Amino acid sequence: MVSEVNLSKNVCVIGAGPSGLVAARELRKEGHSVVVLEQKHDVGGQWLYDPNVEEEDPLGKNKFLEVHSSIYESLRIVSPREIMGYTDFPFLVKKGRDMRRFPGHKELWLYLKDFTDHFGLREMIRFNTRVEYVGMLDYEEFGNGLKWVVKSKEKKHEKMVEEVFDAVVVATGHYSHPRLPAIKGMSTWKRKQMHSHVYRVPEPFRDEVVVIVGNSMSGQDISMELVAVAKEVHLSTKSIDNISVGLSNVISKHNNLYLHAQIDFLEEEGRVIFVDGSWVDADTILYCTGYSYTFPFLDTKGIVDVDDDRVGPLYEHTFPPTLAPSLSFIGIPRKLIGFPFFESQAKWMAQLLSGKRSLPPRDEMMQWIKDFYKSRDAAGIPKHNTHDIANFEYCDRYGDHVGFPHLEEWRKQLCLSALVNADANLETYRDSWDDDELLQEALKSPHFTQLGV
Ligand SMILES: Cc1cc2nc3c(=O)[nH]c(=O)nc-3n(C[C@H](O)[C@H](O)[C@H](O)COP(=O)(O)OP(=O)(O)OC[C@H]3O[C@@H](n4cnc5c(N)ncnc54)[C@H](O)[C@@H]3O)c2cc1C
Ligand SMILES: NC(=O)c1ccc[n+]([C@@H]2O[C@H](COP(=O)([O-])OP(=O)(O)OC[C@H]3O[C@@H](n4cnc5c(N)ncnc54)[C@H](OP(=O)(O)O)[C@@H]3O)[C@@H](O)[C@H]2O)c1
């Protein structure tokens, strides 16, 4: 529903990554007063590369992590740059910078800095400020002018600062806290164990026998990098009979890369035993087993919970029905074209806060959530993949809530062609492709010419 009301709210956005930046931009556009609290010294979130991981627990088990970014030095983006940009700020090729179609991580960070400066967002951000507590000011009153207490600590200052806001937007990302498997013998294994969260460069693994657990993006990328320096790389996957053509080609090309089934158990002195009974004597186990949603600062009196990586209850992965719109989450969904989706979430949230739009009644939102869970369960999707969307139509339907434009056809097609290419040509898809015709057509679209550069 749309109305003419325009109420200005005092809003705290937590995080200055791709989600928090666009949230701040949309909130200000809507007339709200905005403070962004960011624990790091600059914008960019995951894309603010951090080579210093020595202080971090190698398995990332602490409640608050020292390191936020899990990006490693050689990382290049996984989808072509042209599909990544926010709707009004294309990710253009710039002379003197990394001009590749799938550039390295620094180029995406520079894009986010450009976005920040272009829209003058920096003045809203308080850097080096970590949020340690968010809770309701007066729990009894909730639903009725609900306000939020936010406690934060600036680096180098011991004192906690306490502030009160009309609304809080959580945009803290979810690719930092390791999701670790429970493998028998993990706690007593005597050699090196770490998670991809702290992997940066291959050199420390020179001449080692490394077991990599998890055969998704991180596991494959890091395996391909380690074969050049390690003595042996053993990649352990849940589905040994179901690997891509691309990965299968990579394995047959390298005589020190081996594919294995899941690990059964670990023997204290160094052996890793797989479920088929085979084993290796390993120096290091590198868990590339993904990440978990955690909000260590958030106290909603149990209203919002994380259960096996299902964050809920959240209407449309964004709004907790009983606390929205004064509490919202931007950036929860995975496996979609991120930046424009975050933008659509941000617009909806900002317009709900100003009273321009309204959410459906609470019971309808709760029913949506129940139906969504039911459909995921019926499709056999594990709970921990609740927020994996992989559906362009969902993004379009989501955008309809706030009149946000549907994904352009070229964005969808270029995304799909990169996925197909990666599946078949895992080692080369970032440098060689066959969708040039589609790309040239796309580059003529208003998205790329709107800034007139
Ligand atoms: C290895 C890796 C590779 C990836 N590759 C791609 C890719 O190629 N393409 C792609 O689209 N996506 C990729 N992603 C996903 C990536 O996370 C998103 O692109 C994007 O960064 C998500 O933005 P976000 O703002 O939601 O979260 P983040 O980028 O994680 O930003 C969250 C921000 O919140 C801050 N924060 C967290 N907690 C607090 C707190 N308590 N107080 C204050 N500040 C806080 C953090 O410091 C950070 O700045 C990758 C992720 C990883 C880990
Ligand atoms: N730009 C890039 O080049 C790049 C590189 C790396 C990562 N990324 C991005 O970063 C995000 C995280 O990727 P990720 O690869 O780190 O995590 P991920 O996509 O969550 O994958 C983790 C994998 O580990 C598997 N796994 C879990 N426990 C296991 C076990 N005991 N044995 C074997 N396998 C196990 C999981 O299987 P189940 O799901 O069945 O549990 C899953 O396949 C993604 O968005 C990805 O696109 C991008």
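I count a residue as buried if 20 or more other C-beta atoms lie within 10 Å of its own, as exposed if 12 or fewer do, and as partly exposed in between, with the C-beta atoms placed from the backbone. The model I am reading is predicted, and for that reason local features need pLDDT of at least 70 and side-chain atom pairs count only at pLDDT 80 or more, while totals for chains, interfaces and linings use all residues. Residues are numbered from 1 along each chain as its sequence is written, and chains are lettered from A and ligands numbered from 1 in the order in which they are written.

**Entry 1: strands**

I took helices (H or I, at least four residues) and strands (E, at least two) as DSSP runs, numbered from the N terminus.

Next I looked up an open sheet of 4 strands, which has mixed pairing and the order β6-β5-β4-β18; two strands pair if DSSP finds at least two bridges between them. Its edge strands, β6 (160-165) and β18 (298-299), each pair on one side only. Strand β4 (residues 129-136) runs parallel to β18 and is joined to it by 2 bridges, and Val 134 has Leu 298 in β18 as its bridge partner.

**Entry 2: helix α7**

Which residues of helix α7 (residues 392-400) are buried? I noted Cys 395, Tyr 398 and Gly 399. Seen down the axis of α7, these buried residues fall within an arc of 100° (taken from the directions from the helix axis to the C-beta atoms), so they line one face of the helix. The face turned away from the buried side of α7 carries the exposed residues Glu 393, Arg 397 and Asp 400. The buried residues of α7 pack against α5 (338-353).

**Entry 3: the core**

I call a nonpolar core a set of buried Ala, Val, Leu, Ile, Met, Phe, Trp, Tyr and Cys residues joined through C-beta atoms within 7 Å. The largest one has 101 residues, and Val 13, Ala 23, Val 168 and Val 169 have the most contacts inside it. With 9 residues, α5 gives the most to this core. Leaving aside neighbours within four places in sequence, I found Ala 23 in contact (C-beta atoms, placed from the backbone, within 7 Å) with residues including Val 13, Ile 330 and Met 349.

**Entry 4: the two ligands**

For both shells I counted a residue as near if its C-beta atom, placed from the backbone, lies within 6 Å of the ligand. Of the 31 residues around ligand 1, Gly 15, Gly 17, Gly 45, Gly 173 and Gly 331 come nearest. The largest share of this shell around ligand 1, 3 residues, comes from α1.

Around ligand 2 I found 24 residues, the closest being Pro 181, Gly 214, Ser 216, Ser 218 and Gly 290. Helix α3 (residues 217-226) gives the most to the ligand 2 shell, with 4 residues. Among the buried residues of α3 are Ser 218, Gly 219 and Ile 222, and their cover includes β10 (209-213) and α4 (245-253).

Technical notes. Two residues are in contact if their C-beta atoms, placed from the backbone, lie within 7 Å.
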